[in-house]
Amino acid sequence: MNTPKDIAASPQAEKHTPMMAQYLQIKGQYPDRLLFYRMGDFYELFYDDAEKAARLLGITLTTRGQSAGRPIPMAGVPYHAAEQYLAKLLRSGESVVIAEQVGDPASTKGPVERQVTRVLTPGTLTDASLLDERHTVWIMAVAPAERAGLCGAAWLELASGDFRATETTLRDLTALLARINPSEVLLAEGFDVQCAAPRRFLPAWQFDFSRASRSLAEQFGSRDLAAFDIADMPSGVAAAGALLEYVRGTQGGSLPHLGQLRAEREATYVNMDAATRRNLEISEALSGAAGPTLLSVLDNSATAMGARLLRHWLHHPLRDHGALSLRTGAIRRLAEEGLDAPLARALQGLADVERICARIALNNARPRDLSGLRDSLKRLPHVVALLPEDEPHLAKLRAALAYPPQMLDLLTRALLPEPATLLREGGVIADGYDAELDELRTLTRDAGSFLLQLEARERARTGIPSLKVEYNKVHGFYIEVTHVHADKIPTDYRRRQTLKSAERYITPELKAFEDKALSAQDRALARERFLFDGLLQEVAPHVPGLLACAAALAELDVLSGQAQRLASLPLCLPEFSAESGLHIQRGRHPVVADRVDNFIANDLTLHAGRSMLLITGPNMGGKSTYMRQAALLALMASCGLPLPAQVVKLGPLDQIFTRIGASDDLAGGRSTFMVEMTEAARILHHATPQSLVLLDEIGRGTSTFDGLALAWAIARHLLTKNRCLTLFATHYFELTQLALEFPQLSNVHLDAVEHGEDLVFLHAVEDGPASQSYGIQVARLAGLPAGVVQAARRRLRDLEESHYHAGPQGDLFAAAPQAPVIHPLIEQLATLNPDALSPRAALDLLYELKKNALETP
């Protein structure tokens, strides 16, 4: 191993070169993170870091020189292209420390002084170049369960300052992780949870409640946390405190834009577990692709802020019908008055004000951030003018768009219309903003005219018509004369560089100007850095108000985009009821309907008196689509969004569960059937009368009788115990008999018809059970060899003739067929030969049969 600890502990440690000793000293502070060590125009990595980076980035691993008698493995990336390499490492779950040169190489003996300037982790990114503008990056901390089995969880989006905490059971923690989808998770040592994000383990004492309370109160400038409604969540406070300290450490200072901690209550959102989010393909397809998904269909946002908010809404559907009615009222007003399209145009091209505010607060904003903020603020009056004052929700958002006019005036006066991308390049601060900077710039700009004048004078003085006065970054200013005119060189010319066909010279006059001009350039850049830092300090106090403005812009973006969809497509807005139920009239699947021609719309009605639909029908008939359609429309209604239907009316909804599809968990040692039963168990334990449950072909992963028995028992439990709103798709025709026992169960089916060798799916939901499943016909459509299909048909006929089925689809719960019991008298009669009996014998036999008949029960 080539770890810093091993290297520093080696007998040769004192013989390290000064530069390598400096590297090891910095690396020792961050042993589990990759160190980008600035050396000239490259960031270099050494030892184990170099080997890991070479593997992850596909860059060359080399060995150069020695330190303490050992070769030094190293790899490097160019300074100017570092962002793309950093992004790749962070996507791989790595954390990176940046050590920059802060000393002056010209005035330093020994290695140039270096300091850590940035610590980048997957969950604490704010740099625009490292972020996906349409995705939110969360970092989460989870505190071990202490009180009543509740563990604490806190999560933060550093780029916006959104900071939240809650308490949850370990069982429900998985669903919380699926909802937040953090990019990094912090855990106490000795405590672990399974998640897809990179995990980092912190000392357990960092999750101490008292320590966390003090740290949080200090951050918010309050005496205690009483104002944040989180006193009843000690584990949540502990997690929030550990998270705050960790993020402070990565940013090297305070986090001024974190002004509050929000306590999140279970009753706020419609809960969905990880399986449901996956099955409904909300923002990620089952294949892992970004589309087609519900989000990809709905997202017509004009800004990155709006796109992130829409994603958040879809993963955080609300239970509060009042809040949802505010959204639908605003969407309806924008669509009815034709304000949707003008508002979308007004928002188009606005800068990402939310993330710019975070970079201002963290003091790492770039010039284009401030110019983007300035240009966006200039466009706000047009946005405000489009919003009606008499619509309650739009009026509230209108008020949030207010900003201090003096701040816009400051940014307009201070910045050039198109400032440079990087501050170190200069060209950021506007002329006329600072007299000292103007003077230095004038001196630099006058260099061109001075050089032209000097060139003309020197040509006249020397009689050399080809003499040139020029400048480059390596040699500075010089006078170039070809060798042909070497005999005309004046005595005050001093040679600076020899070329193949010319000589370059410097004169006392040109040297004096060079010192003055180059000094002016350096001083101008330094002055710009000073002024820009001051500008950030002046804007920083306005960050809270700007964040509120950014939130309003994001919501207006979502509302206007959805109003455009409502105005241009056959959609409806959801209606809400206090009575439990879901009513859909002519509903369409929001994703599938856009991708197929002639999509068949269907109705659905669920309520307390009709709480379960038992759905039968052929494979490929549309059962799964119909069920997912119902869940997606319920989800969209719980977000207050326009719906692809004529009417959708939703009652109170607390959870959506789905048990759809087949997949195993090989890493967890669970078969497909075990995964299915685990998800079913979660539904049976947690579903309430206000939950929506989707079950697709439950019990198919085991033997026919086992699967049928389980499906029957699960359906009965949902009907009698959970009493939830349920869509239950099955091929077990026997389950349709449950409708005779439970009037709240209704049989519906999707049918198909055979046309010659073809099978036509009707996709329309009809009342009553299906007559058959058409499994063999679907298998033929899938391309099974003809011989296999024919053999299956023959075997099916054999099974039907053998009475395995009592009808088109038999009843496996009916009594098993028994061998016929033959009466003894029948047996006796069967043995007789009437032609061999005499009249007397026949009479005797008749009396005997009568006697036996009287004696036989």
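One definition before anything else: two strands count as paired if DSSP finds at least two bridges between them. Please also keep in mind that this is a predicted model.

E9 runs parallel to strand E12, residues 262-263, and two bridges join them. Ala-165 has Ala-263 of E12 as its bridge partner. On another side of the story, E9 pairs with strand E8, residues 150-157, in the antiparallel sense over eight bridges. Glu-157 is bridged to Asp-162 in E9. E8 and E9 form a hairpin with four residues between the strands, and there Gly-161 has a positive phi, near 85°.

Seven strands make up an open sheet with mixed pairing, in the order E13-E23-E24-E25-E21-E26-E27. Strands E13, residues 271-272, and E27, residues 758-767, stand at the edges; each has a single partner strand, so one side of each lacks a neighbour in the sheet.

Let me stay with E24, residues 691-696. E24 pairs with strand E25, residues 725-729, in the parallel sense, over five bridges. Leu-692 is opposite Leu-725 of E25, and Leu-694 is opposite Leu-727 of E25. E24 also runs parallel to E23, again with five bridges joining the two. There, Gln-655 has Ser-691 of E24 as its bridge partner.

Which way do the side chains of E24 point? Ser-691, Val-693 and Leu-695 go one way, while Leu-692, Leu-694 and Asp-696 go the other. As background, side chains in a regular strand alternate between the two faces of the sheet. Six of the six residues of E24 are buried, so the strand is largely enclosed by the rest of the structure.

Which residues of H22 are buried? They are Val-675, Glu-676, Met-677, Glu-679, Ala-680, Arg-682 and Ile-683. An α-helix has 3.6 residues a turn, so residues three or four places apart point the same way. The cover over the buried residues of H22 includes helix H5, helix H8, strand E23, E24 and helix H23.

Helix H7, residues 234-251, can be checked for length too: its 18 residues should span 26 Å at 1.5 Å a residue, and its end C-alpha atoms are 26 Å apart, which agrees. Of those 18 residues, 14 are buried, so H7 is largely enclosed by the rest of the structure. After H7 comes Gly-252, with a positive phi near 65°.

Last topic: aromatic rings. How many aromatic pairs does the structure hold? It holds 10. One of them is Tyr-23 with Tyr-37, an edge-to-face pair at 5.5 Å centre to centre, with 90° between the planes. This pair links distant parts of the chain, 14 residues apart, with Tyr-23 in helix H2 and Tyr-37 in strand E1. Tyr-23 and Tyr-37 are both buried. Tyr-37 also pairs with Phe-46: the ring centres are 6.0 Å apart and the planes are at 70°, so this pair is edge-to-face. Phe-46 is buried, as is Tyr-37. Elsewhere, Phe-450, Tyr-471, Phe-477 and Phe-513 form one aromatic cluster.

Arg-38 lies over the face of Tyr-79, 3.5 Å from the ring centre. Arg-327 has its charged end over the ring of Trp-313, at 3.6 Å from the centre.

That is the tour, and I will take questions now.

Methods
Residues numbered from 1 in each chain as written. Predicted model: local features only at pLDDT ≥ 70, side-chain atom pairs only at ≥ 80, totals over all residues. Heavy atoms only, no water. Expected span 1.5 Å × (residues − 1). Buried < 20%, exposed > 50% of the residue type's maximum accessible area, 1.4 Å probe, protein only. Contact = heavy atoms within 4.5 Å. Phe/Tyr/Trp six-rings, centres within 6.5 Å; stacked < 30°, edge-to-face > 60°. Lys NZ or Arg CZ within 6 Å of the ring centre and 35° of its normal.
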